[in-house]
Amino acid sequence: MFSRPNLYGNLTKICGNMRTIALVNPSSVTATAASSPTPCSNASVRQYHEVVVRGIDHIRDPRLNKGLAFTLEERQILGIHGLQPARFKTMEEQLELCKIAVNRYMEPLNKYLYLADLADRNEHLYFRFLYDNIEDLMPIVYTPTGLIYRRPRGLFITVNDRGHVFDILRNWPEPDVRAICVTDGERILGLGDLGANGMGIPVGKLALYTALAGIKPHQCLPVLIDVGTNSYDLLEDPLR
């Protein structure tokens with residue numbers, strides 16, 4: 001962690017060609033992309049080819065994985081027959097199992113970790129589960145748990161990246177970004193200044209946009225502007 005300087009960049013420049021930028025609070029900005037290409041969708045930057053994913057890679061891809069809902073024919077065609085238990089379960093059956101599993105946890109943090117794991121392996125099931133149980137799960141999904149880093153989610157841009165932010169945006173693997181949520185982690189609900197640990201806020205917001213507004217997950221981009229922190233506890237903690 002490094003101390004937060006008394007200087008803030010212009011977030012609108014980072015969002016690029018945005019049509020509208022809605023200011024949520026001074027430390028959190030939600031941007032909706034314009035119809036014109038954004039830096040992340042510049043065809044001249046990267047070529048994308050549609051490929052058929054088969055075998056173990058198919059069920060390891062959270063966008064393609066359906067859990068045990070694959071039919072026997074699908075399993076044979078996709079080359080995943082034998083890579084899963086022989087049991088077939090419908091979406092509704094899997095949703096019921098998810099509800100049982102998440103209700104076993106008493107601590108909100110454990111529920112959050114379960115949901116994060118579900119999103120990492122089966123996006124369709126995750127967002128359907130979130131949609132069907134939005135009142136119970138929204139506080140869990142939206143709870144800042146940035147102190148736990150499990151896998152890359154979103155882009156981290158620091159004050160040291162000034163001058164080559166576009167290069168960082170090009171590293172985002174998705175070419176069709178429609179919604180961007182930006183925060184600097186300064187004022188996270190009742191937790192205060194979390195600095196780079198505040199990534200959970202834009203990730204959680206965009207998950208709700210997908211579940212409730214129908215924005216596709218791959219069209220969402222969480223961004224954290226890491227300009228340090230003024231939190232004494234974080235600055236003195238050698239592990240953060």
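Student: Leaving aside neighbours within four places in sequence, which residues is Asn122 in contact with?

Tutor: Keep in mind that this is a predicted model. Beyond those neighbours, Asn122 touches Pro62, Asn65, Lys66, Gly67 and Gln94. As for its place in the chain, Asn122 sits in the loop between helix H5 (108-121) and helix H6 (123-132).

Student: Is Asn122 buried or exposed?

Tutor: The cut-off for buried is under 20% relative accessible area. Asn122 comes in at 3%, so it counts as buried.

Student: Moving on to H6, which of its residues are buried, and what do they pack against?

Tutor: Leu125, Tyr126, Phe127, Phe129 and Leu130 are buried there. The partners of H6's buried residues are helix H4 (91-103), H5, helix H7 (134-141) and helix H9 (200-213).

Student: Now salt bridges. Why might residues three or four places apart on a helix point the same way?

Tutor: An α-helix has 3.6 residues a turn, so such residues point the same way. Here, Arg128 and Asp132 are four residues apart in helix H6, which means about one helical turn separates them. They form a salt bridge, with the closest N and O atoms 2.9 Å apart. Arg128 and Asp132 also belong to a salt-bridge network with Glu92.

Student: Which parts of the chain does the Asp120 and Arg153 pair link?

Tutor: Asp120 and Arg153 form a salt bridge, at 2.4 Å between the closest N and O atoms. That pair links distant parts of the chain: Asp120 is in helix H5 and Arg153 in the loop between H7 and strand S3 (155-158), 33 residues apart.

Conventions. Residues are numbered from 1 along each chain as its sequence is written. This is a predicted model: local features need pLDDT of at least 70, side-chain atom pairs count only at pLDDT 80 or more; totals for chains, interfaces and linings use all residues. Side-chain values use heavy atoms; hydrogens and water are left out. Helices (H or I, at least four residues) and strands (E, at least two) are DSSP runs, numbered from the N terminus. Buried means under 20% relative accessible area, exposed over 50%, partly exposed in between (1.4 Å probe, protein chains only). Contact means heavy atoms within 4.5 Å. A salt bridge is a side-chain nitrogen of Lys or Arg within 4 Å of a carboxyl oxygen of Asp or Glu.
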